[in-house]
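Please prepare a briefing on the structure shown below. Keep it brisk and group the points by topic.

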Amino acid sequence: MNLRTLGGLSLEGSDFRRGKSLLLLAYLAVEGPQERRHLAELFWPGSAQGLRNLATVLTRLRKAGDSVIDADDARAWTTIDCDATGLLALLENGKYLQAFELYEGPFMVGETPNWGSELEEWVYQTRERLAGHMREALMILGETEAADGDFQGAAKRADDAYLLASAPRLNLRTSSGCTC
């Protein structure tokens, strides 16, 4: 199974579709092992039933597949393959073309469950961070193409980088120092 977070949110190889459960799985895949109490407060802010809700979600995720989720009395974690973490690994290793091929769109785009403000902030920050890294990779690919004399390919990469959804705004300056 593979957790798809770029361009949507789904657990490939499964018919599991519960949004908040998949969001929890995405959070654990990107952030690593977390304390149960933290997860309960993040996903069910202000709820007296947060830990119970978390236990229910963990049980549902276990039923989705053998290796989807693990937990002990204090923490929860996942070792499932996730496209977002795969993207980061490719970028760290300088495999920009493979990263571009993996990137199917902004992190968890189109997902609008009833999130708490802290969780919503995490989703938007993660979306922006991944898109920003992808923009940098596109610029590097474009520079490489320009150095190889492929100016049309370089221009296309620059356009793709500029238009990349959810990436931080570019602060362009002209030679006169004017911010455009």
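D159 counts as partly exposed, because its relative accessibility is 46%; buried means under 20% relative accessible area, exposed over 50% and partly exposed in between, with a 1.4 Å probe and protein chains only. This is a predicted model: local features need pLDDT of at least 70, side-chain atom pairs count only at pLDDT 80 or more, and totals for chains, interfaces and linings use all residues. Residues are numbered from 1 along each chain as its sequence is written, and side-chain values use heavy atoms, with hydrogens and water left out.

**Position of D159**

- D159 sits in helix α7, residues 151-163. Helices (H or I, at least four residues) and strands (E, at least two) are DSSP runs, numbered from the N terminus.
- Between the C-alpha atoms of D159 and A74 there are 47 Å. Along the chain, these two residues are 85 residues apart.

**Overall build**

- Seven helices and six strands make up the secondary structure of the protein chain.
- Their pattern along the sequence is β-β-α-β-α-α-β-β-β-α-α-α-α.
- The C-alpha atoms fill a box of roughly 60 × 35 × 25 Å, taken along the principal axes.
- Of the 180 residues in the protein chain, 43% are buried.
- Among contacts with a separation of 6 or more, 58% come from residues 24 or more positions apart. Contact means heavy atoms within 4.5 Å.
- The accessible surface of the protein chain is about 10,100 Å². Carbon and sulfur atoms hold 47% of that surface. Accessible areas come from the Shrake-Rupley method with a 1.4 Å probe; for residues, only the protein chains shown count as cover.

**Open sheet**

- Three strands, in the order β3-β5-β4, form an open sheet with antiparallel pairing. Two strands pair if DSSP finds at least two bridges between them.
- The edge strands are β3 (34-35) and β4 (70-71), and each pairs on one side only.
- β4 and β5 (residues 75-77) run antiparallel and are joined by two bridges.
- A71 has A76 in β5 as its bridge partner.

**Around T78**

- T78 lies in the loop between β5 and β6 (81-82).
- T78 counts as buried because its relative accessibility is 13%.
- The T78 side chain reaches the backbone oxygen of V68 at 2.5 Å. It also reaches the backbone nitrogen of I80, at 3.2 Å. A polar contact is a pair of N or O atoms within 3.5 Å; within protein, one must be able to donate a hydrogen and the other to accept it, and residues adjacent in sequence count only if both atoms are side-chain atoms.
- Leaving aside neighbours within four places in sequence, T78 is in contact with L25, L28, A29, S67, V68 and I69.

**Aromatic pairs**

- The whole structure holds four aromatic pairs. Rings of Phe, Tyr and Trp (its six-membered ring) pair if their centres lie within 6.5 Å; planes under 30 degrees apart count as stacked, over 60 as edge-to-face and the rest as tilted.
- Y27 and W122 form an edge-to-face pair, 4.8 Å centre to centre and with 65 degrees between the planes.
- Y27 lies in helix α1 and W122 in helix α6, so this pair ties together parts that are 95 residues apart in sequence.
- Y27 is buried, with a relative accessible area of 8%. W122 counts as buried at 10% relative accessibility.
- F107 and W122 also pair edge-to-face, at 5.6 Å centre to centre and 85 degrees between the planes.
- This second pair links distant parts of the chain, 15 residues apart: F107 is in the loop between α5 (96-102) and α6, while W122 is in helix α6.
- F107 counts as buried because its relative accessibility is 0%.
- Ring pairs join Y27, F43, W44, F107 and W122 into a cluster.

- Helix α6 (residues 117-147) has 31 residues, so at 1.5 Å a residue it should span 45 Å; its end C-alpha atoms are 45 Å apart, which agrees. The expected span is 1.5 Å times one less than the number of residues in the helix.
- G149 follows α6 and has a positive phi, near 90 degrees.
- G32 is in the loop between α1 (19-31) and β3. G32 counts as buried at 16% relative accessibility.
- The C-alpha atoms of G32 and R129 are separated by 17 Å, and the two residues are 97 residues apart along the chain.
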